[in-house]
Protein chains: 2
Amino acid sequence: MSEQVKYLLDESRIPKAWYNIQADLPKPAPAVLHPGTHKPVGPDDLAPLFPMELILQEVTLEREVPIPEPVREVYRQWRPAPLYRARRLEKALQTPARIYYKYEGVSPAGSHKPNTAVAQAFYNKQAGVKRLITETGAGQWGSSLAFAGALYGLEVQIFMVRVSYNQKPYRRALMETYGARCIASPSKETQSGRAILAKDPDHPGSLGIAISEAVEVAAQRDDTKYALGSVLNHVLLHQTVIGLEAIEQLEMANDYPDVIVGCTGGGSNFAGIAFPFIGAQLRGGKKVRVVAVEPAACPSLTRGTYAYDFGDTAHLTPLTKMHTLGSTFTPPGFHAGGLRYHGMAPLVSHLKELGLLEARAYEQTKVFAAGVQFARAEGILPAPEANHAVKGAIDEAIRCREEGVSRSILFNLCGHGHFDMQAYMDYFAGKLEDRQYEEQELAMALAGLPSVAEPA
Amino acid sequence: MSEQVKYLLDESRIPKAWYNIQADLPKPAPAVLHPGTHKPVGPDDLAPLFPMELILQEVTLEREVPIPEPVREVYRQWRPAPLYRARRLEKALQTPARIYYKYEGVSPAGSHKPNTAVAQAFYNKQAGVKRLITETGAGQWGSSLAFAGALYGLEVQIFMVRVSYNQKPYRRALMETYGARCIASPSKETQSGRAILAKDPDHPGSLGIAISEAVEVAAQRDDTKYALGSVLNHVLLHQTVIGLEAIEQLEMANDYPDVIVGCTGGGSNFAGIAFPFIGAQLRGGKKVRVVAVEPAACPSLTRGTYAYDFGDTAHLTPLTKMHTLGSTFTPPGFHAGGLRYHGMAPLVSHLKELGLLEARAYEQTKVFAAGVQFARAEGILPAPEANHAVKGAIDEAIRCREEGVSRSILFNLCGHGHFDMQAYMDYFAGKLEDRQYEEQELAMALAGLPSVAEPA
């Protein structure tokens with residue numbers, strides 16, 4: 001048996017600073033606009049929602065943003081996360097490729113999300129905040145913020161997309177075990193939620209709606225703030241510990257990636273692994289192919305429009321320029337995994353426009369087949385989200401076999417699937433559907449895009 | 001916030017040998033007897049069930065049994081497992097105690113069980129075996145053998161106690177993802193199963209019955225062997241990597257345990273953490289209090305009889321002297337966690353008789369309350385089984401607070417509870433019952449004990 005190789009770093013090597021790709025961009029990303037005035041927002045506009053430290057991280061152009069020592073101390077529980085050389089998978093695929101994966105499922109909540117949840121909870125606690133409000137889809141983010149809230153003694157309230165709330169009671173139970181309160185969204189607790197329910201009492205919910213509800217509640221009280229698990233610049237920033245560690249670990253392996261693969265919903269785990277490598281390339285380092293993989297059921301990067309749009313359904317958030325399917329987009333009921341947000345992180349979208357990454361969409365049965373193959377070879381059961389990256393990496397490795405070339409492939413295994421077994425059971429039972437959107441359906445989803453003139 | 005401290009060892013420090021406590025016993029454990037003749041069994045009697053290497057490990061008196069290098073290479077995926085100083089829990093308890101826990105939930109299957117599953121699969125593969133048959137209760141063992149089977153290309157067939165099979169479809173799905181076949185026990189596939197179903201078509205099953213079925217199938221074919229996840233000497237032997245690593249990690253912390261706490265079902269995770277310390281004591285080292293914690297719903301060590309008994313319900317296994325509740329014992333339906341075997345590992349039983357350990361039983365609501373407190377402080381959600389050890393450690397820490405003494409407490413957090421959320425939900429919903437057995441009930445369970453004269 002060809003064995004895995006594990007590359008571990010000493011905990012002194014947990015990065016001391018996050019990497020900010022905004023410092024290295026050849027052209028800055030488009031400004032964020034106020035939803036009412038369509039003028040660029042300033043820090044004060046965001047102050048009802050976020051503590052000032054996080055707002056400043058949203059706009060800073062410093063390349064390195066220091067990680068507070070108390071945050072590094074919490075990171076030590078699971079960081080540096082292991083990097084594995086997937087020799088058993090390579091053997092199963094009979095590929096000359098060298099496949100590496102960074103495994104973020106070792107965190108207490110089981111994914112990369114605590115990297116930012118802990119940082120956000122820390123800055124909020126420091127600012128005197130008592131309560132954090134957020135939304136969650138598949139539940140990885142909600143459980144991570146619940147975990148971080150428990151550590152810092154912050155009350156946590158989570159609007160959970162109703163379809164997930166009903167389908168994933170165990171994910172909910174995890175959040176409740178950490179002491180958080182979960183509310184099915186759309187709910188009767190907010191104006192945004194009530195407005196949706198008035199039109200459709202059985203609405204399955206969407207991340208866009210849940211964000212509206214969370215933002216609405218958070219803006220009402222001074223001691224209460226909002227927390228987002230992806231999309232925003234500061235969230236992507238916090239995730240760069242993944243790629244920064246991977247660079248050091250690949251040095252241990254005397255290797256450097258030819259291809260980097262990550263799955264994209266809002267874009268944060270993808271940015272976390274890819275940005276430090278793209279930044280090195282922008283500063284004159286080795287060129288690397290970067291592949292973002294998304295579900296065909298929520299194809300913002302591959303089939304969305306690059307335009308200004310709202311982050312939420314009720315249009316309470318600022319406007320950001322991103323690849324979007326429209327803020328009223330709801331992924332179809334048959335879609336089993338996460339990665340269901342209508343928009344892509346503005347920084348990821350901007351990099352795609354700059355030609356610094358490519359995007360690919362997969363149908364879900366192929367994605368689950370890849371996950372099962374990975375589990376049998378490597379022993380780790382990936383989250384359905386992570387299966388997209390697994391599938392992308394396997395396809396790259398098969399291409400290496402076909403071309404007879406040994407390339408170095410790095411992907412982010414962003415979380416385990418222990419709370420997603422229903423999706424695996426549905427896959428085994430042949431219940432998962434594959435479907436591409438028709439052009440007409442996509443056009444309908446995009447019909448609600450606001451008309452915004454981009455500022456000069 | 002007082003932070004956790006993580007003690008990690010370099011992977012070169014994965015033990016090179018398992019520790020065999022039989023080498024240091026002041027008095028050997030009673031012989032294992034043939035179920036028909038009541039004479040001590042020899043290696044040949046066990047050959048239909050196990051490969052010879054494992055049979056020899058069952059009886060060896062060598063103190064150190066070398067770990068094959070290929071097994072160490074698989075261990076590297078998650079070993080050395082971390083040892084944590086639970087400072088956040090200490091602070092929550094306001095205790096002067098120093099609480100350490102070894103975390104075995106980092107393995108791919110989520111518990112300590114792969115430590116022996118990988119070793120057993122390795123020796124079986126080496127012996128040319130094609131198929132492994134086993135049983136599982138809560139599912140930790142079944143998923144671990146399924147994982148190990150996938151690594152070595154062995155077919156794995158698992159008789160799963162029916163009540164768990166029905167209540168835990170996600171645990172079953174994990175085994176199936178690894179490629180194993182799960183059968184609800186009692187089943188129609190064996191004589192033992194059919195005999196039980198004839199009397200009671202709705203029998204909920206028990207580990208004793210599932211073992212009968214697995215042993216019956218395994219004995220029928222030369223290319224098929226049986227694998228057990230606890231109880232036997234070689235299984236306990238494989239688990240000693242836990243305690244051996246902990247000794248080195250506590251040296252890093254400049255500490256040594258005053259008290260060691262482990263939960264006991266069959267006894268393997270408990271033995272894994274405790275035996276290396278008890279062995280050191282037997283060889284003249286520091287005396288350490290060792291506490292075995294079991295559920296009040298399955299109280300073999302605290303309320304069972306120390307006698308020769310069968311390992312299974314159909315009486316196909318050899319007779320071993322152990323603390324037993326009788327081989328027909330079935331834990332009550334309200335019991336939520338694992339730790340449901342009628343007997344205790346012969347070596348653990350023997351050590352209790354020698355006064356080298358003490359035992360304690362807890363009711364389940366107190367055990368879950370401890371687990372929730374632990375999760376909120378330390379971020380890790382324990383398996384219900386592990387919650388017994390958590391409760392034991394917390395009680396010891398509270399005693400330190402009350403006595404104003406700082407003791408060093410080490411416990412084994414043998415697995416995570418990601419597949420046990422229904423039990424947590426039942427706990428939160430107030431559905432878990434606490435019940436002690438009446439003397440009469442216990443006497444009934446014990447009525448079937450065989451009449452065996454111990455050989456001189």
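In what order do the 7 strands of the open sheet in chain A run? Hi everyone, let's start there. The order is 1-4-5-15-10-11-14, and the pairing is mixed. Strand 1 (5–7) and strand 14 (358–362) of chain A are the edge strands, each pairing on one side only. On average, neighbours in this sheet are turned by 25° against each other, direction ignored.

A quick word on the ground rules. This is a predicted model, where local features need pLDDT of at least 70 and side-chain atom pairs count only at pLDDT 80 or more, while totals for chains, interfaces and linings use all residues. Residues are numbered from 1 along each chain as its sequence is written, chains are lettered from A and ligands numbered from 1 in the order in which they are written, and side-chain values use heavy atoms, with hydrogens and water left out.

On terms: strands (E, at least two residues) and helices (H or I, at least four) are DSSP runs numbered from the N terminus, and two strands pair if DSSP finds at least two bridges between them. Axes are lines fitted to C-alpha atoms, for helices over the stretch in contact, with angles from 0 to 180 degrees between N-to-C directions.

Back in chain A, strand 4 (residues 83–85) and strand 5 (residues 98–103) pair in the antiparallel sense over 3 bridges. There, Y84(A) has Y101(A) in strand 5 as its bridge partner.

Now to chain B, where 4 strands form an open sheet with parallel pairing, in the order 8-7-6-9. Strand 8 (181–185) and strand 9 (224–226) of chain B have a single partner strand each, so one side of each is left without a neighbour in the sheet. Strand 7 (residues 155–161) of chain B runs parallel to strand 8 of chain B, joined by 5 bridges, and M160(B) stands opposite A184(B) in strand 8.

Staying in chain B, the axes of helix 13 (residues 268–282) and helix 15 (residues 346–353) come within 11 Å and cross at roughly 45°. That makes helix 13 of chain B oblique to helix 15 of chain B (under 35 degrees counts as roughly parallel, over 145 as roughly antiparallel, 65 to 115 as roughly perpendicular, the rest as oblique).
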